[in-house]
Amino acid sequence: MSLQDIKNQAKEAAEKIGDLADWDDAYRRFLGKKGEIAKVFMSIKTMAEAEKRALGKEANEVKNEIERFLAERKAALQKEFFDVKPQTETIDITRPGEKPEFGRLHPLTLAQRDIINIFHSMGFGVADGPEMETEWYNFDALNMPKDHPARDMQDTFWLRQNELKVKNEQVPPAGKQKLKIKSERLLLRTQTSAVQVRYMETHRPPLRIIVPGRIFRNEATDATHESQFYQTEGLMAGKNISAANFKAILQKFLSLFFNGKTEIRLRPSYFPFTEPSFEIDAKGADGKWLELMGAGMVNQKVFQAAGYPLNKYTGFAFGVGVDRLAMIKYNIKEIRLFYQNDLRFLKQF
Ligand code: FA5
């Protein structure tokens, strides 16, 4: 292609440029490293000196001209974009906007956050533990040895891989106290109480914690029972912590959580890891009582399992069903709704 042809084509192309992306394309086509002008310069290299000089001069002139077309076109495009368009284009500010879709917090998250905030305000920290737990922390350390009938209260999902190890462990090594043998058989924790001894092994009283978490039970579901659900454990230990302290904290928590609107009752109960033990129910909007939590004064055997000296400390513990709290607060009759992810349900919170 002759230099004149290149110039004409470039001129035509510059006139057709519609936006800045087109402009870049045109620049590349004519002035880029592999563009038309570059090709001319490449071909000049092998020419005789006189020819080289004449053609080189012309090529430079054409190049400058193309640069000028393109610069002019760019200036025009920018003017249109920044000056003309804003003056001629109108924005209809009365047009309804597009509403962004907001996500929502799950009712169990809302309940869990309320619980944490209320206990924070009473000086409780938050601790954590694994969902896959050893038999030791979930049962043995809580005064529930293997043959203990209370284990039947919490049907367990056992994890298979460590069965062999357990067989080897059944005879306690000579000279070791029975309580100190930590079974390595694994399970999905059946209660957040499993974190009690875990936490106390590395912390000394005075202590005040809650432990929010998911737990698992191998049981049939119904309107108030799930096979995986949420609990929040509470544990306060120190010198002279009494049942009166428990009652005060419990009342404060429940009245803040339910805004003072819900009737509560306390029944005597049994847990191997507390003595005495209680269960606490709340009355739903339908007038029916629903069990909210188990609780009691920490059994000294649990303190012992954590390595604390006998009778030095006292404390209370509780394990509250987060699903149950949410059911009462939001008047939900069916626990399984929490886990079905039906937007018609979730959008109500
Ligand atoms: C326990 O799990 C004890 N660890 C509680 C405890 C902690 C007692 C500390 C003493 C000291 P229980 O199995 O009753 O106890 O469960 C406690 C609460 O979890 C119940 O009151 C109930 O609110 C909730 N819960 C129990 N089973 C289910 C289930 N299948 N579905 C939903 N919530 C449940």
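Phe349 counts as partly exposed in this predicted model, because its relative accessibility is 23% and the buried class ends under 20%. Its ring forms an edge-to-face aromatic pair with that of Phe345, with 5.2 Å from centre to centre and 65° between the planes, and Phe345, at a relative accessible area of 9%, is buried.

The structure holds 18 aromatic pairs, and another edge-to-face example joins Phe257 and Phe258, where the centres are 5.0 Å apart and the planes stand at 85°. Both partners are buried, Phe257 with a relative accessible area of 0% and Phe258 with one of 5%. These two residues also belong to one aromatic cluster, whose members include Phe119, Phe246, Phe253, Phe316 and Phe318.

Several of those names return in the largest nonpolar core, which has 39 residues and in which Phe119, Phe253, Leu254, Phe316, Phe318 and Leu325 have the most contacts. Among the elements that each supply at least two residues of this core are the helices α5 (107-121) and α9 (243-257) and the strands β7 (274-283) and β8 (289-298). If neighbours within four places in sequence are left aside, Phe253 is in contact with Ile115, Ile118, Phe119, Met122 and Leu325. Apart from this core lies another, of 28 residues, which includes Trp136, Tyr199, Ile209 and Ala237.

On the scale of the chain, the domain assignment gives domain 1 (3-88) and domain 2 (107-346), and the centres of the two, taken over C-alpha atoms, are separated by 77 Å. Charged side chains also meet aromatic faces: Lys74 lies over the face of Trp23, at 4.0 Å from the ring centre, while Arg185 lies over that of Trp158, at 3.8 Å.

Key
Residues numbered from 1 in each chain as written. Predicted model: local features only at pLDDT ≥ 70, side-chain atom pairs only at ≥ 80, totals over all residues. Heavy atoms only, no water. Core = buried A, V, L, I, M, F, W, Y, C linked by side-chain atoms within 4.5 Å. Buried < 20%, exposed > 50% of the residue type's maximum accessible area, 1.4 Å probe, protein only. Helix = DSSP H or I, 4+ residues; strand = E, 2+ residues; numbered from the N terminus. Contact = heavy atoms within 4.5 Å. Domains from an automatic or database assignment. Phe/Tyr/Trp six-rings, centres within 6.5 Å; stacked < 30°, edge-to-face > 60°. Lys NZ or Arg CZ within 6 Å of the ring centre and 35° of its normal.
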